[in-house]
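This report describes one protein chain, part by part. Look at the sequence and the structure first, then read on.

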Amino acid sequence: MEFFKVMADIWCEYWGLFLKGLGLTIWMGLLTVIFSTVFGSLMAMMRRSTWGIGKFRPISAIASVYVEVIRGTPILLQLYFFYFMMPKWFPVLNLSEFTCVLMACCVNSVAYVCEIVRAGIQAVDNGQMEAARSLGLNSRQAMMKVVLPQAVKNILPALCNEFVAVVKETSLASTFFCGELMTQFKTINSITFRVLEPLTIIGIIYFLLTFTMSKFIAALERRLGTDA
């Protein structure tokens with residue numbers, strides 16, 4: 001009972017810090033997904049070399065190397081790399097810790113979104129592209145007007161799942177004290193010298209957030225399945 005009493009006291013005392021950390025966690029995850037969706041889609045096109053010029057292997061090779069390198073190295077390593085590299089290479093920009101960590105999260109997520117988009121496009125029957133080409137559309141027009149609209153149904157649920165994964169991965173940003181949820185735990189721990197109670201509150205917040213998002217994704221998948 002004492003554990004829950006202490007946990008309630010910590011929440012009542014520091015709920016503002018918890019909510020501030022939650023807001024920053026969601027903001028970081030949202031920005032990451034927006035940027036990674038845009039650049040991940042472009043990267044997927046590069047891997048397929050679908051630019052109306054046929055297969056251009058150097059572009060595909062560059063994109064493939066990027067995806068394999070990013071997916072083959074841990075995100076914490078990438079966070080350290082960007083955190084120490086960006087201020088050193090671009091000192092005039094005076095980048096904040098949040099910006100450096102956000103860039104690392106985006107670079108990491110782009111590789112996974114690239115594969116999501118590429119898989120969604122490949123799930124569309126090849127006959128759709130052939131039919132569009134037979135109607136006089138070039139490769140780029142056929143991709144943008146015929147294939148991609150059909151691929152969206154395959155891509156959206158997976159992108160939402162990537163958002164959930166990104167939200168949980170932002171906890172690694174606490175290594176650099178960026179202000180998200182796990183950073184707030186460190187702040188509260190340094191004040192109260194309590195570990196389990198604030199960690200439990202953080203765990204509950206993460207669970208409620210990801211559980212809500214998972215239910216939304218399930219509803220979206222059912223809706224897309226009904227509309228198919």
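## Two phenylalanines in loops

Phe-193 sits in the loop between α7 and α8, the latter covering residues 196-227. The model is a predicted one, and in it the phi angle of Phe-193 is near 60°, a positive value in a residue other than glycine.

Phe-177 belongs to the loop between α6 and α7, where α7 spans residues 181-192. Its phi is near 55°, again positive in a residue other than glycine. Phe-177 has 55% relative accessibility and counts as exposed, because the cut-off for that word is over 50%.

## The chain as a whole

The protein chain contains eight helices and zero strands. Read from the N terminus, the order of elements is therefore simple to write: α-α-α-α-α-α-α-α. Along the principal axes, the C-alpha atoms fill a box of roughly 70 × 50 × 25 Å.

How much of the chain is buried? Of its 228 residues, 41% count as buried. Among contacts with a separation of 6 or more, 73% come from residues 24 or more positions apart.

## Surface and charge

The protein chain exposes about 12800 Å², and carbon and sulfur atoms supply 67% of that area. Its charged side chains comprise 19 positive and 14 negative ones. The centres of these two sets are 10 Å apart.

## Nonpolar cores

The largest nonpolar core has 22 residues. Those with the most contacts inside this core are Met-43, Val-117, Ile-121, Met-143, Val-147 and Ile-155. At least two residues of the core come from each of α1 (2-48), α2 (57-71), α4 (97-122), α5 (126-134) and α6 (139-169). Which helix gives the most to this core? That is α6, with eight residues.

Leaving aside residues up to four places away in sequence, Val-147 touches Ile-121, Val-124, Met-129 and Ala-142. Another core, of 20 residues, lies apart from the largest one, and its members include Leu-31, Phe-98, Leu-102 and Val-107.

## Cysteines without disulfides

How many disulfides does a search of the whole structure find? The search finds zero.

Cys-100 is buried, with a relative accessible area of 2%. For Cys-105, the closest cysteine sulfur is in Cys-106, at 7.0 Å, which is also too far for a bond. Cys-105 is buried as well, with a relative accessible area of 6%.

## An exposed leucine

Leu-135 lies in the loop between α5 and α6. Is this leucine buried or exposed? At 73% relative accessibility, Leu-135 counts as exposed, because the cut-off is over 50%.

Leu-135 can also be compared in position with Leu-156. The two are 21 residues apart along the chain, and 28 Å separates their C-alpha atoms.

Notes. Residues numbered from 1 in each chain as written. Predicted model: local features only at pLDDT ≥ 70, side-chain atom pairs only at ≥ 80, totals over all residues. Heavy atoms only, no water. Helix = DSSP H or I, 4+ residues; strand = E, 2+ residues; numbered from the N terminus. Buried < 20%, exposed > 50% of the residue type's maximum accessible area, 1.4 Å probe, protein only. Contact = heavy atoms within 4.5 Å. Areas by Shrake-Rupley, 256 points an atom, 1.4 Å probe, with all protein chains shown as cover. Lys, Arg positive; Asp, Glu negative; His and termini not counted. Charge placed at Lys NZ, Arg CZ, Asp CG, Glu CD. Disulfide = S-S within 2.5 Å. Core = buried A, V, L, I, M, F, W, Y, C linked by side-chain atoms within 4.5 Å.
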